[in-house]
Amino acid sequence: MTTEKKQTGGSVLFNVLQQHGVEHVFGYPGGAIMPIYDALYDSDVQHFLCRHEQGAAFSAVGYARASGKVGVCLATSGPGATNLITGLADALADSIPVVAITGQVPTSAMGSDAFQEIDIFGLSLACTKHSFQVTNVNDLPKVLHKAFAIALEGRQGPVLVDIPKDVQLAEVTKSLEDFSQLRNKVKLPPANVGSAIALLSKAKKPVLYVGGGVGMANAIDELRAFSDITKIPSVSTLKGLGAIDPDDDNYLGMLGMHGTKASNIAVQECDLLIAVGARFDDRVTGKLNEFAPHAKIIHFDIDTAEINKRRAADAAILGDLKINLPALAIPLSINDWQEKCQQMKADFGWQYDHPGENIFAPAVLKEISDKMPKNSCVTTDVGQHQMWAAQHMEFDDPSNFLTSGGMGTMGFGIPAAIGAQVSRPTDCIIAVSGDGSFMMNVQELSTIKRFQLPVKILLIDNAKLGMVRQWQDLFFNGRLSETDLSDNPDFIMLATAFDIKAKQITKKSEVSAAVEEMLDHDGPYLLQVKIDAQDNVWPLVPPNTANDQMMESI
Amino acid sequence: MNQYQLTIKVDDKQVVLERILQVARYRGFLINGMNAKVNTGTNIGTIELMVKSERPIELLVDQINKLIDIKTVKVNKNATQQCDL
Ligand SMILES: Cc1ncc(C[n+]2csc(CCOP(=O)(O)OP(=O)(O)O)c2C)c(N)n1
Ligand SMILES: [Mg+2]
C-alpha cells in the first residue's frame with residue numbers, strides 16, 4: 001500500500017498548473033494566500049517575485065503573448081487582488097489567455113469586512129472573461145481545469161479564480177477526477193463562404209484588414225498563403241503587426257489614427273474590405289460612418305458578438321481562421337489596384353532625414369529593427385514612442401511585438417518584457433518605453449535584477465507625457481496642462497541602482513554605436529535616448545475624422 | 001427607444017444573474033423589469049428580462065450568449081415594442 005501524501009487546496013493548485021504545462025508563475029505573497037505559497041515551497045513550478053501585483057499581471061500577459069501559452073499570476077486578497085485588475089483589464093481588451101489566482105479571507109469571515117477582504121469576485125465581472133470563487137476544496141481541481149479551458153477556448157481571455165484561505169488549507173477528500181476538455185459553448189453557424197466568394201470575385205479594389213485575431217488563431221501561414229494567392233493589398237491593426245510578412249509588396253502598413261497614408265487611403269477607396277480577426281476599433285476606423293465608405297464587408301471572426309457590432313458585415317465567416325481562410329483563397333485579377341496601392345506605398349514612404357543634431361526617435365527605432373537579431377521580441381509602453389515603434393519597426397510574427405492595444409496601458413512595457421524573457425530565455429527582448437510610462441512600473445527593475453534577465457530597455461526620453469502634450473498642442477490651443485516631466489530622475493543612476501548597465505545619448509552621431517553596444521551586451525541594459533520635446537507622431541487622424549483627412553505636420 | 005423581453009436559460013451558477021445585469025447595463029440597456037426562478041430539479045434557471053434601449057437587441061443577445069453559464073437567450077417578439085422616452 002502506498003501512503004500518498006494528502007493533497008490540500010494549495011498543493012492541488014500546483015498539480016493542476018503542472019498538468020497544464022505551467023512552469024513559471026508571477027506573483028506576490030500575503031496573508032490570505034500563504035497556504036498556496038507554502039505549497040509552492042514544495043513545487044517544481046518556478047515563481048518570479050514581482051514588486052507590485054500589477055507587474056505580476058503584466059508579466060503573465062507578456063509571457064502569454066510571447067509564448068502562446070497561458071500566463072499565470074498570483075496575488076493575495078484585498079489590495080493584492082485589486083492591484084491585478086489593470087493587468088486583467090488589459091488582457092481582456094487584447095484577448096490574452098491569463099489565469100489569475102487570488103487568495104481570499106477564510107469562508108467564515110467572508111462578507112464581514114474582514115481585514116484585507118475585498119469582493120474581487122464581484123470586481124472581476126467587468127475585467128475578466130470569466131471568474132470563479134471556490135468554497136469547497138473538492139471543487140478546486142475541476143474549477144482550475146475549467147479556468148484554463150475557458151482562457152484558451154474561442155476568443156481567448158483572462159480568468160480569475162478566488163480561493164479562500166481555509167479552502168487552500170483543506171484536504172481534498174474526493175479522488176481527483178479526470179477533466180474533459182470543455183466543448184466550445186457557442187455553436188457557430190456554418191460559415192457563409194459562398195456569398196463571400198461572390199463578393200471577392202466581383203471586387204475590383206479589395207483590401208485585407210488584418211487584426212490580432214490572426215496571431216491568436218495561429219493562422220499566420222494561412223493568412224500569408226491567402227495573401228500570396230489573392231495578391232490583395234493588405235493593412236494591419238496595431239495588434240496584427242507581424243501577421244503579414246512586412247516585406248510583402250502588397251502590404252501597406254498599419255491603418256488608423258497613426259497609420260500609414262497608403263493604408264488609410266487604400267481603405268477609404270476600397271470596394272471590399274476583408275476584416276480578419278479585427279473588430280473595427282475606434283482607433284482604426286476614425287469617424288465610423290465615414291470609414292471605408294464604398295466597401296462591402298467580409299468579416300472573419302471567432303466571436304459572434306464582433307459581427308455587426310460596429311460595422312455591418314455583408315458576409316460573416318465565423319469560426320476558426322485556419323479552416324476558413326483557405327476556403328476564400330482564390331486568384332484575383334486586380335492588377336490596376338495592386339499597382340495603384342504599390343505606387344502609394346512608394347510615394348508616401350517614411351522619411352528619416354531630420355534636420356539638426358537632435359536624435360530622431362523613428363530613425364533610432366528603424367536602426368534597432370534592422371540590427372536586432374532574428375526572433376527578437378519588442379514590447380512597448382504607451383504614447384508617442386509606442387506609435388513610433390509600431391510605425392518604424394518590422395516584425396515577422398505578432399508574438400514578437402507586444403503592446404497594449406485595446407487598453408493602452410502605460411506601465412505595460414517593462415513587466416511584459418520580463419514575462420517575454422522568462423518564456424523565451426535565449427531571445428533578445430527589447431522594451432521600448434517612454435519617460436512617463438517607465439516610471440509606472442519602475443519597481444520591476446528589481447525583478448530584472450534578481451533574475452538577471454537580459455532585457456534591453458530603450459527609454460525614449462522627451463521629458464514629457466509626449467502623446468498628451470501633442471494633443472494639447474494640436475487640440476487644446478497649446479495649453480500644456482500637467483504634461484511636463486522635466487524634473488525626471490536621473491535614469492542612469494536609477495538603472496545603476498538595480499545593477500542595470502545604462503547609457504544616455506543626446507546626439508544623432510552617438511546612435512549607431514550605442515545601439516550596437518546595447519544589442520551586444522549580455523545582461524540587462526538601459527539606453528536613454530534624449531529627444532526633442534516637440535517631436536510629434538505623424539500622420540495623425542484627428543479624433544472623429546475620416547481616415548483620409550490625416551494631418552502630416554503642424 | 002425600443003422595449004424588448006428576453007428569456008434567458010442559465011446553469012444555476014454563482015453570480016450568473018449579476019453577470020447578466022452587468023452586461024445589460026454596460027452595453028447600454030436599461031432594465032425595466034425582471035423575473036427569475038430556478039428549477040431545483042434540473043438546476044436550470046430561467047430569467048426574464050425587460051430591457052429598453054436605442055441599440056439593436058442583437059448586440060445584447062450576442063454579449064449575453066458569450067457568458068459562460070448561459071444556455072439560451074431568446075427575444076420574445078410579441079413583447080417587443082416601441083415606447084416613448
Ligand atoms: C495608465 C495610463 N494612464 C494614463 C494614460 C494616458 N496617456 C497616454 S499616452 C500618455 C503619455 C505617455 O508618456 P510617455 O510614457 O513619456 O510616452 P511619450 O508619449 O512621451 O512617448 C498618457 C499619460 C495611459 N495611456 N495609461
Ligand atoms: Mg515621454
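A residue counts as buried under 20% relative accessible area, as exposed over 50%, and as partly exposed in between (1.4 Å probe, protein chains only). The model is predicted: local features need pLDDT of at least 70, side-chain atom pairs count only at pLDDT 80 or more, and totals for chains, interfaces and linings use all residues. Residues are numbered from 1 along each chain as its sequence is written, chains are lettered from A and ligands numbered from 1 in the order in which they are written, and side-chain values use heavy atoms, with hydrogens and water left out.

Phe291(A) is buried because its relative accessibility is 1%. Phe280(A) also has 1% relative accessibility and counts as buried. Rings of Phe, Tyr and Trp (its six-membered ring) pair if their centres lie within 6.5 Å; planes under 30 degrees apart are stacked, over 60 edge-to-face, and the rest tilted. Ten aromatic pairs are found over all chains by this rule. Phe280(A) and Phe291(A) form an edge-to-face pair, with 6.1 Å between centres and 85 degrees between planes. This pair links distant parts of the chain, eleven residues apart. Phe280(A) lies in the loop between β10 (272–276) and α12 (282–285) of chain A, and Phe291(A) in the loop between α12 and β11 (296–301) of chain A. Helices (H or I, at least four residues) and strands (E, at least two) are DSSP runs, numbered from the N terminus. Elsewhere, Phe26(A), Phe48(A), Tyr63(A) and Phe451(A) make up one aromatic cluster.

An open sheet has six strands in the order β14-β13-β15-β16-β18-β17 (chain A), with parallel pairing. Strands pair if DSSP finds at least two bridges between them. At the edges stand β14 (401–402) and β17 (501–505) of chain A; each has a single partner strand, so one side of each lacks a neighbour in the sheet. Strands β13 (residues 377–380) and β15 (residues 429–434) of chain A run parallel and are joined by four bridges. Thr380(A) has Val432(A) in β15(A) as its bridge partner. Helix α16 (residues 384–392) of chain A packs on the sheet and touches β13, β14, β15 and β16 of chain A. Contact here means heavy atoms within 4.5 Å.

The magnesium ion (ligand 2) has three protein donors listed: Asp435(A) (OD), Asn462(A) (OD1) and Lys464(A) (O), at 2.1 to 2.2 Å. Donors are N, O and S atoms within 2.8 Å of the metal (3.2 Å for Na, K and Ca); water is not among the atoms, so sites may look incomplete. Along the chain, the donors follow the spacing D-x26-N-x1-K. Asn462(A) and Lys464(A) are both buried.

Conventions: Axes are lines fitted to C-alpha atoms, for helices over the stretch in contact, and angles run from 0 to 180 degrees between N-to-C directions.
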